[in-house]
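Hi,

Here is the structure I said I would pass on. Have a look at it first, then read on for what turned up in it.

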Amino acid sequence: MAKTTGRSAKKKMQILCISGPNLQLLGTREPEIYGRETLREIHARLAKRAETLGVDVTCKQTNHEGTIVDWIGDAPKKFAGLLLNAGAFTHTSLAIFDALKATSLPCVEVHLSNPEAREAYRAASKIAGACIGKVSGFGGESYLLALDGIALHLRNTVRASTQNALEPGR
Ligand code: DQA
């Protein structure tokens, strides 16, 4: 039988994954820290995991802080949640923190390495306070775990709001 398409098909939850500066160099960039997997390969694995989870993931990379701010600001038009590896901007960017605070969307902070176990200047995250959680230290797998986390979070949020609508004053 033909698959249901069009209006009657249930819309999948859309998730945006943003990677920041120098992450286009994964594969060759300090492999002893970041591993040998390329960003393209991580994105391909994310797409597969998204399929299993029944969500859609859109992956983007930029080296520019303002572009990340723009993408976060525009995200609510299309997306329900964010994954963000802001690279070095993690440790410096009040603008990205403010953009995350300004958006209504839940965001999971992602890192391949565990910045807190590295140089002292990587220990603090300027954006953590605007995120619902963080996955770090698992190489490319951090992105997949973060996708699992945001999908679970969004599902629970939808379930809770449906419950409230069905049982007001509960
Ligand atoms: C990183 C950690 C940051 O400290 C660093 O500047 C990066 C990559 C990570 O994924 O481990 O560019 O975000």
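Let's start with G129, which is exposed because its relative accessible area, 57%, is over the 50% cut-off. You'll find G129 in the loop between β4 and β5 (133-136). If you skip the neighbours within four places in sequence, G129 is in contact with F97 and K101. Now try picking out G129 and E141 together: 12 residues separate them in sequence, and their C-alpha atoms are 23 Å apart in space. One thing to keep in mind while you click around is that this is a predicted model.

Next, go to T103. Where does T103 sit? Its place is in the loop between α4 (94-102) and β4. So that's a loop residue too, but T103 counts as buried, because its relative accessibility of 10% is under the 20% cut-off. Setting aside neighbours within four places in sequence, its contacts are I72 and P76.

Now for helix α5, where you can look at S142 and N156. Is S142 buried or exposed? With a relative accessible area of 0%, S142 is buried. A polar atom in the S142 side chain lies 3.1 Å from the backbone nitrogen of F138. Beyond the neighbours within four places in sequence, S142 is in contact with V110, H111, L112, V135, S136 and G137. N156 has a relative accessibility of 38%, so it counts as partly exposed, which means it falls between the 20% and 50% cut-offs. N156 and L53 are 103 residues apart along the chain, and 14 Å separates their C-alpha atoms.

On to the inside of the protein. The largest nonpolar core has 23 residues, and the members that touch the most others are I15, L46, L83, Y143 and L147. Two or more residues each come from β1 (13-19), α2 (39-53), β2 (55-61), β4 (107-111) and α5 (141-166). Which element gives the largest share? That's α5, with seven residues.

Leaving out neighbours within four places in sequence, its contacts are I15, L16, C17, I18, L46, V108, V110, Y143, A146, L147 and I150. There is also another core, apart from the largest one, with 19 residues, including I68, F79, A99 and L105.

Last stop, the ligand. Around it you'll see R29, Y34, N85, G87, A88, H91, H111, L112, S113 and R122. Sorted by class, this shell has three nonpolar residues, five polar ones and two charged ones.

- S113 has a polar side-chain atom 2.6 Å from an oxygen atom of the ligand.
- H91 has a side-chain N or O atom 2.7 Å from a ligand oxygen.
- R122 has a side-chain N or O atom 3.0 Å from an oxygen atom of the ligand.

How much of the ligand does the protein cover? On its own, the ligand has 320 Å² of accessible area, and the protein covers 99% of that.

Conventions: Residues are numbered from 1 along each chain as its sequence is written. This is a predicted model: local features need pLDDT of at least 70, side-chain atom pairs count only at pLDDT 80 or more; totals for chains, interfaces and linings use all residues. Side-chain values use heavy atoms; hydrogens and water are left out. A nonpolar core is a set of buried Ala, Val, Leu, Ile, Met, Phe, Trp, Tyr and Cys residues joined through side-chain atoms within 4.5 Å. Buried means under 20% relative accessible area, exposed over 50%, partly exposed in between (1.4 Å probe, protein chains only). Helices (H or I, at least four residues) and strands (E, at least two) are DSSP runs, numbered from the N terminus. Contact means heavy atoms within 4.5 Å. A residue is near a molecule or strand if one of its heavy atoms lies within 4 Å of it. A polar contact is a pair of N or O atoms within 3.5 Å; within protein, one must be able to donate a hydrogen and the other to accept it, and residues adjacent in sequence count only if both atoms are side-chain atoms. Accessible areas come from the Shrake-Rupley method with a 1.4 Å probe; for residues, only the protein chains shown count as cover. Ala, Val, Leu, Ile, Met, Phe, Trp, Tyr, Cys and Pro count as nonpolar, Asp, Glu, Lys and Arg as charged, and the others, Gly among them, as polar.
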